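Good morning, and thank you for the time.

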Amino acid sequence: MAIFMAVCRAFTARHATHLQHDLVAPSSQAAPRLPLLPRGPSLAVTVASPPPRHLPAGPRASTSASDLSPTPPSERTMTALDLASLWAGLVVGVPAYYLAGSLVDLGMSALQGVATVTFANLIVLVTLVLTAAPAVTHGLPFPVLARAAFGVHGAHVPAVIRALVGCGWFGIESWIGGRAIFLLLPSRLKSCQPLVAPMPGLGAAPLELACLLAFSAAQIAVIMHGMEGIRKLEKYAAPVLIVLTSALLAWAYTSAGGFGRVLTQTPRLTSGEFWKLFFPSLTANISFWAAVAINIPDFARYARSQADQVLGQVGLPVFMGLYTFAGVAITSATETIFGRVISDPIELLGRIGGPATTFLAISGITLAIITTNIPANVVAPANALVSMSPRRFTFAKGAVVTALISLAFQPWRLVSSSDSFVNIWLLSNSALAGPIGGILLADHYIVRRTALDVDALYSEDRGSPYYFQGGFNVAAMVAMAAGVAPIVPGFLHKVGVLTSVSKAFVTAYNNAWFVSFFVAGAVYCLLCGQREMQARPQYN
């Protein structure tokens with residue numbers, strides 16, 4: 001939530017002087033900063049001739065002015081505190097709470113859950129810092145930086161994948177918001193069997209689907225009325241959820257007789273069972289932020305310096321660790337209080353307090369979901385559609401399509417249990433985000449040694465070093481396929497399509513982010529090295 005506020009401030013400043021800015025800004029407007037690593041010889045063959053044609057910049061969420069041109073120094077004002085605050089706003093949310101509670105539900109103790117989440121976010125921190133570094137150096141957003149590795153047209157591929165992940169998350173958050181509405185409905189309505197019985201083939205009740213559609217429609221209505229209302233609500237949403245979480249934490253402490261009993265509970269898992277659960281859970285926690293790690297340049301481009309970027313990103317493991325402690329402590333306490341683990345905060349709120357308390361709590365959760373879901377999970381898919389077909393889509397139309405696509409993910413199945421949320425949704429996500437991250441980092445730090453031709457990134461001339469083969473870098477496409485391929489059999493086995501697969505594929509799926517990230521990165525470096533060797537005689 002804070003992330004959207006910080007970026008919106010920069011957007012507002014830019015609108016005042018750049019409404020007529022349709023093409024890339026001249027390079028004289030923003031002197032490039034020193035790269036994160038010293039520049040060295042690049043494996044890629046570069047072309048010296050200036051590109052005469054330029055790609056159109058994509059539209060903003062709130063205006064048709066360009067949003068893909070380099071951010072000028074005057075707009076790079078985001079401090080380390082701003083960036084840390086942005087992570088605080090994103091971390092404090094229902095999905096993060098649900099993820100923490102899911103680890104306890106799957107058998108981890110409170111301390112084991114906190115340690116797993118913190119370690120995973122330290123790994124994410126490394127990828128965040130490395131991915132954001134070129135954005136800070138050159139002021140470039142993710143869609144432009146992706147052109148260096150995937151090609152001027154091939155960059156649409158990771159953008160679409162990121163958009164699909166956003167659609168899935170939009171569906172999950174909307175389902176949670178719909179369940180909050182369901183909780184507030186009259187008991188007489190909820191007792192009507194035809195309305196609450198799951199429909200064959202769908203697995204969701206008509207009344208639940210109606211609440212989902214109503215909550216999605218409310219979010220679309222907010223978007224249609226402009227983003228200004230969201231910006232005003234955002235500054236209240238995070239504090240409200242922090243107060244709500246603190247209240248739940250105090251309730252759990254009082255009702256469970258303190259946290260000493262919760263934190264000293266004997267682990268329910270043996271050593272072997274824990275390690276069997278640890279690696280999928282580690283991968284799932286990395287996947288939780290993997291999509292944001294890919295497009296972190298969209299926000300880091302506004303950072304004041306590399307030091308601000310690095311220090312600000314540390315906010316992720318710090319705040320995630322603190323919020324995870326609250327989530328696992330509350331969830332662990334429910335086992336003591338109710339005799340079973342309740343990892344779903346909506347279900348928990350329905351079992352404690354009176355109608356007034358429930359209403360206030362659900363209202364706070366609804367506010368937090370709306371102000372997080374739209375900027376985090378609608379902007380990326382909607383802008384991807386507009387970027388690919390600006391004549392057919394506006395941002396509002398893209399938001400409607402995002403909501404419709406989210407229904408195809410059947411979010412009620414994804415969060416129907418801790419196992420489906422962690423071991424199906426999050427692990428499968430990591431198989432898509434991992435290869436993109438591996439290719440982007442391998443291209444920038446190993447293949448190109450941090451050297452970028454900013455002007456050429458906006459060129460669609462056939463002689464451009466980023467045009468590759470028809471605008472697509474075949475090496476990146478092959479590397480992505482190579483990264484995803486080992487994960488597919490394990491995924492099909494997990495969802496029941498394949499009855500049995502090799503243990504190696506199961507292990508690869510349980511470690512999907514690591515396998516896909518490193519395999520894709522290694523294959524990409526290998527293919528680029530071969531291409532450079534083949535081109536060297538002609539180049540000489």
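Let me begin with a loop: Gln 410 lies between helix H19, residues 395-408, and helix H20, residues 411-414. Please bear in mind that this is a predicted model. Gln 410 is not a glycine, yet its phi is positive, at about 50°. For context, most residues other than glycine have a negative phi.

I now turn to the protein as a whole. The model contains 26 helices and 0 strands. Of its 540 residues, 54% are buried. Among contacts with a separation of 6 or more, 84% are between residues 24 or more positions apart. The accessible surface amounts to about 22000 Å², and carbon and sulfur atoms contribute 67% of that.

How do H21 and H23 cross? Helix H21 covers residues 418-447 and helix H23 residues 474-484; their axes come within 9 Å, at a crossing angle of roughly 140°. The two helices are therefore oblique to each other, since an angle must be over 145 degrees to count as roughly antiparallel. The crossing of H21 and H23 is right-handed.

Which residues form this contact between H21 and H23? From H21 come Ala 431, Pro 435, Ile 436 and Ile 439. They meet Ala 476, Ala 479, Met 480, Gly 483 and Val 484 of H23. By class, the contact residues comprise 8 nonpolar, 1 polar and no charged.

Finally, I would draw attention to helix H5, residues 142-150. Is this helix largely enclosed or largely open? Of the 9 residues in H5, 8 are buried, so the helix is largely enclosed by the rest of the structure. The buried residues are Phe 142, Val 144, Leu 145, Ala 146, Arg 147, Ala 148, Ala 149 and Phe 150. A charged residue, Arg 147, is thus included in that buried set. After H5 comes Gly 151, with a positive phi near 100°.

Key: Residues are numbered from 1 along each chain as its sequence is written. This is a predicted model: local features need pLDDT of at least 70, side-chain atom pairs count only at pLDDT 80 or more; totals for chains, interfaces and linings use all residues. Side-chain values use heavy atoms; hydrogens and water are left out. Axes are lines fitted to C-alpha atoms, for helices over the stretch in contact, and angles run from 0 to 180 degrees between N-to-C directions. Helices (H or I, at least four residues) and strands (E, at least two) are DSSP runs, numbered from the N terminus. Angles under 35 degrees count as roughly parallel, over 145 as roughly antiparallel, 65 to 115 as roughly perpendicular and the rest as oblique. A crossing is left-handed if the near helix is turned anticlockwise from the far one by less than a right angle, and right-handed if clockwise. Contact means heavy atoms within 4.5 Å. Buried means under 20% relative accessible area, exposed over 50%, partly exposed in between (1.4 Å probe, protein chains only). Accessible areas come from the Shrake-Rupley method with a 1.4 Å probe; for residues, only the protein chains shown count as cover.
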